[in-house]
Amino acid sequence: MALPVRSCCVRAHGVLSRFLRHGSGSSSLIPVVIKRLPSASAACGLGRAPAFSTARLYSSEPQRTNQKMVVVGIPNPFIWFRTRVYYFLIRAYFDQEFNIDDFTEGAKHAFARVSKLLSQCKFEALEGLVAKDVLERLQQQCPLLPQTHQQALAADMSDIMYTTPGDVGIYYDDNGRKFVSILMRFWYLTSARLPEETPEGTKVFQVAFGEEERGEETKRLLTANYEFQREFTKGVLPDWTITRVEHSKLLD
């Protein structure tokens, strides 16, 4: 089974391909009210952390004030410039239709899908989506995790707060095979009841779901790194495969 990331980057194949192709449309999200935010100086764990703030939304109805989270990314200028050079090279020499915005959106859907299967330990469903050596390691690690940590691996699309490309690589092996790898970083909320002292670098939010407050739920902001790799050798199927899976302080 292939792991495509949006049709502009990959010719779609398999069940997950259809999921990703149709997953970018509008979705019904549950409105949330952020009751307490962390300090801006807290670290997110992997890479440079995005900044978080709130914006008030006022209604014409009295005593109805909502807040939403606003995420502002602060990229490293050197990494930003270097990745743009790689995007140009990918379009020039590998895939003329490559677009990083579409790739990022597709990667979010792939991350949500794969992380959910991982949290459920459905390893057979991950075959062909995750590299064999990575999958073997996950099969050994995941069943040993506490149930709350397994739950924290899953990321719903509505809980992904910020996504940014990390490192981009283009390389050839000794046999002349051509590869492109893109590391994606995700910040997402989880309601899993994790110990207060772990995972390190998480942030705590008080969230009230729905248009009216019906109680509060504590959520933590976790980070994850997923690397997507595709072989561009002539005659090879254009499939993206996950070759790296890291969930900070859950799966390292």
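Select Leu-118 first. Setting aside neighbours within four places in sequence, Leu-118 is in contact with Phe-123, Leu-126, Leu-138, Cys-142, Leu-153, Tyr-226, Val-245 and Leu-251. Show those side chains too. Keep in mind that this is a predicted model.

**The core around it**

Now widen the selection. Leu-118 belongs to the largest nonpolar core, which has 44 residues. Phe-103, Leu-118, Leu-126, Val-130, Leu-138, Tyr-226 and Phe-228 are the members that touch the most others. Colour the contributing elements next. Two or more residues each come from α2 (77-93), α3, α4 (132-141), α5 (147-153), β4 (160-172), β5 (178-190), β7 (217-231) and β8 (240-247). Which element gives the most to this core? That is α3, with eight residues. In soluble globular proteins, nonpolar side chains tend to be buried together.

**Zoom out**

Switch to a cartoon of the whole chain. The protein has five helices and eight strands. Follow the chain along the sequence and the pattern reads α-β-β-β-α-α-α-α-β-β-β-β-β. Of its 252 residues, 42% count as buried. Look at contacts between residues at least 6 apart in sequence: 66% of them join residues at least 24 apart.

Go back to α3, residues 100-119, and pick Lys-108. Is Lys-108 buried or exposed? Lys-108 counts as buried because its relative accessibility is 18%, under the 20% cut-off. Beyond neighbours within four places in sequence, Lys-108 is in contact with Met-157, Ile-160, Thr-163 and Phe-186.

Next, select Ala-125 in the loop between α3 and α4. Ala-125 is partly exposed, at 33% relative accessible area.

Move to helix α2 and select Trp-80. Trp-80 is partly exposed, with a relative accessible area of 42%. Together with Trp-80, they make a nonpolar surface patch of about 320 Å².

**The β4 and β5 hairpin**

Select strands β4 and β5. The two run antiparallel, joined by ten bridges. Pick Gly-169 and look across to β5, where its bridge partner is Ser-181. Then go to the turn. The hairpin has five residues between the strands, and Gly-176 takes a positive phi near 85° there.

**Salt bridges**

Show charged side chains. Side chains of opposite charge can pair when their charged atoms come close. How many salt bridges does a search of the whole structure find? The search finds seven. Visit three of them.

*First stop: Asp-95 and Arg-230.* The closest N and O atoms of this salt bridge are 3.6 Å apart. Asp-95 is in the loop between α2 and α3, and Arg-230 is in strand β7, so look for a link between distant parts of the chain, 135 residues apart. Asp-95 is buried at 4% relative accessible area. Arg-230 is buried as well, at 7%.

*Next stop: Asp-159 and Lys-219.* Here the closest N and O atoms are 3.2 Å apart. Asp-159 lies in the loop between α5 and β4, and Lys-219 lies in strand β7, so the pair ties together parts that are 60 residues apart in sequence. Asp-159 is buried, with 14% relative accessible area. Lys-219 also counts as buried, at 6%.

*Last stop: Glu-231 and Arg-177.* Their side chains meet at 2.9 Å, N to O. Glu-231 is in strand β7 and Arg-177 is in the loop between β4 and β5, 54 residues apart. Salt bridges with shared partners join Asp-173, Arg-177 and Glu-231 into one network.

Technical notes:
Residues numbered from 1 in each chain as written. Predicted model: local features only at pLDDT ≥ 70, side-chain atom pairs only at ≥ 80, totals over all residues. Heavy atoms only, no water. Helix = DSSP H or I, 4+ residues; strand = E, 2+ residues; numbered from the N terminus. Buried < 20%, exposed > 50% of the residue type's maximum accessible area, 1.4 Å probe, protein only. Contact = heavy atoms within 4.5 Å. Core = buried A, V, L, I, M, F, W, Y, C linked by side-chain atoms within 4.5 Å. Patch = residues over 30% accessible without salt bridge, like charges linked within 9 Å, V, L, I, M, F, W, Y side chains within 5 Å. Areas by Shrake-Rupley, 256 points an atom, 1.4 Å probe, with all protein chains shown as cover. Salt bridge = Lys/Arg side-chain N within 4 Å of Asp/Glu carboxyl O. Pairing = 2+ DSSP bridges.
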